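Take a look at the structure below. This report walks through some of its strands, helices and side-chain contacts.

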Amino acid sequence: MNYHSPASFAEASALAANATGITRFLAGGTDVLVQLRSDVVTPDTLIDIKKIDGVHDITRNADGSWTLGVAATGAEMTEHADLGRDWPGLVEAMDLIGSTQVQGRATLTGNLCNGSPAADSVPAMIAAGVTVTVTGPSGDREVAVEDIPTGPGKTSLAKGEVISAINIPARGENGGDAYLRFIPRTEMDIAVVGVAVNLRLDGDIITEARVSLGAVAPTVLLVEDCAKAIIGSALDDAALDALAAAASAACNPIDDKRGTIAFRTEVAGVLAKRAAKIAYARAKGEQA
């Protein structure tokens, strides 16, 4: 195995572009190192990006948006009070991943690039409208999170490309987000269904919304019909029922030992309602 510790993302990109065989980037390592030790994947080239300047930074920009370094951990996000006030649903989603020890290493970037349809942070990022900066042989480009996963364990990143930053929009006024999941156990399990809701209010009326579903299709979904179901409403019972129906209709899950197709489809609607209520309360400045 060839191990590299580049000083910049441009160098990391060049190393990956010229590498042969299997290449993996190391940020937190909670997926890559486990796969390596389990002989699931043995990289020919391992590129450690943790020593690049700024990879642990969590920065609030002048316009209210946020830039997160790709090695910023779940623990660092949870401990950042201002980020948690702006985007509680996103922070809570990341905080659900693994144990306390895992939280000290797990990253949004790794959770995204692992390509799991059940990744907890990915629905929350999609609902929030998060984008990533991708550095490659042709320079940098900005990509919506929902355009990164293409299937279980697969992403749209081309050879030589590496995510170099996480970009979170400004929260703005009268907005709120939430993420909920169902798991068979009380903690440290993989989502059977995950739902993230992000919305904005004008008075009591929802004027903007994004709803994302996890673990109910080959990739995490951004469901426009769910947003349409609640935009223009005060989240009354009719809107909630329409939201649940749209969430269930969007599902294309599998049967496995953790949940049946029928169960996942039903739970997606239930969790969509609950997450929307929490996001709505947060947007109104109320206790969720």
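## An open sheet

Start with strands β13 and β14. They are antiparallel partners, joined over 2 bridges. Within this pairing, Leu-213 has Leu-221 of β14 as its bridge partner. The model is a predicted one.

The two strands belong to an open sheet of 4 strands, ordered β11-β12-β13-β14, with antiparallel pairing. The edges of the sheet are β11 and β14. Each has a single partner strand, so one side of each is left without a neighbour in the sheet. In general, strands of a sheet pair through backbone hydrogen bonds, either parallel or antiparallel.

Now look at β11. It pairs with β12 in the antiparallel sense, over 8 bridges. Phe-182 has Val-193 of β12 as its bridge partner. Is β11 enclosed or open to the outside? It is largely enclosed by the rest of the structure, because 6 of its 8 residues are buried.

## An aromatic pair

Phe-182 has another partner to meet. The structure holds 1 aromatic pair. The ring centres of Phe-182 and Phe-263 are 5.2 Å apart and the planes lie at 70 degrees, so the pair is edge-to-face. The cut-off for that label is an angle over 60 degrees.

Phe-182 sits in strand β11, while Phe-263 sits in helix α11 (residues 261-283). The pair therefore ties together parts that are 81 residues apart in sequence. Phe-182 is partly exposed, with a relative accessible area of 31%. Phe-263 is partly exposed too, at 34%.

Arg-200 lies in strand β12, which spans residues 193-202. Is this residue buried or exposed? Arg-200 is buried, because its relative accessible area is 18% and the cut-off for buried is under 20%.

The side chain of Arg-200 has a polar atom 2.9 Å from the backbone oxygen of Arg-171. A polar atom of this side chain also lies 2.7 Å from the backbone oxygen of Glu-173. Beyond its close sequence neighbours, Arg-200 touches several residues, including Ala-170, Gly-172, Asn-174, Ile-205 and Glu-208. Arg-171 has a ring contact as well: it lies over the face of Trp-87, at 4.0 Å from the ring centre.

## A covered helix

Helix α8 covers residues 121-128. How many of its residues are buried? The count is 8 of 8, and the helix is mostly covered. Among them are Val-122, Met-125 and Ile-126.

What do these buried residues pack against? They meet α5 (88-95), α7 (108-113), β11, β12, β13 and β14. After the helix comes Gly-129, with a positive phi near 80 degrees.

The largest nonpolar core has 46 residues. Those with the most contacts inside it are Leu-68, Met-77, Leu-83, Leu-90, Val-132 and Ile-168. Several elements each supply at least two residues of this core, including α1, β5, α5, β6 and β10. Helix α8 gives the most, with 6 residues.

A second, separate core has 35 residues, including Leu-201, Leu-221, Val-223 and Ala-275.

Return to Met-77. Leaving out residues up to four places away in sequence, Met-77 touches Ile-58, Leu-68, Leu-83, Leu-90, Val-91, Met-94 and Leu-108.

Strand β6 is largely enclosed by the rest of the structure, because 6 of its 6 residues are buried. Thr-131, Thr-133 and Thr-135 point one way. Val-132, Val-134 and Gly-136 point the other way. In a regular strand, side chains alternate between the two faces of the sheet.

β6 has an antiparallel partner in β7 (residues 139-144), with 6 bridges between them. Thr-131 has Ala-144 of β7 as its bridge partner. The two strands form a hairpin, with 2 residues between them. β6 also pairs with β10 in the antiparallel sense, over 5 bridges. There, Thr-133 stands opposite Ala-165.

## Leu-15 in helix α1

Leu-15 is found in helix α1. It counts as partly exposed because its relative accessibility is 25%. Where does the chain come back towards this residue? Leu-15 and Gly-160 are 145 residues apart in sequence, but 7.4 Å apart in space, C-alpha to C-alpha. Outside its sequence neighbours within four places, Leu-15 is in contact with His-4, Pro-6 and Ile-47.

Note on methods
Residues are numbered from 1 along each chain as its sequence is written. Side-chain values use heavy atoms; hydrogens and water are left out. Buried means under 20% relative accessible area, exposed over 50%, partly exposed in between (1.4 Å probe, protein chains only). A polar contact is a pair of N or O atoms within 3.5 Å; within protein, one must be able to donate a hydrogen and the other to accept it, and residues adjacent in sequence count only if both atoms are side-chain atoms. Contact means heavy atoms within 4.5 Å. Rings of Phe, Tyr and Trp (its six-membered ring) pair if their centres lie within 6.5 Å; planes under 30 degrees apart count as stacked, over 60 as edge-to-face and the rest as tilted. A charge sits over a ring if NZ of Lys or CZ of Arg is within 6 Å of the ring centre and within 35 degrees of the ring normal. A nonpolar core is a set of buried Ala, Val, Leu, Ile, Met, Phe, Trp, Tyr and Cys residues joined through side-chain atoms within 4.5 Å. Two strands pair if DSSP finds at least two bridges between them.
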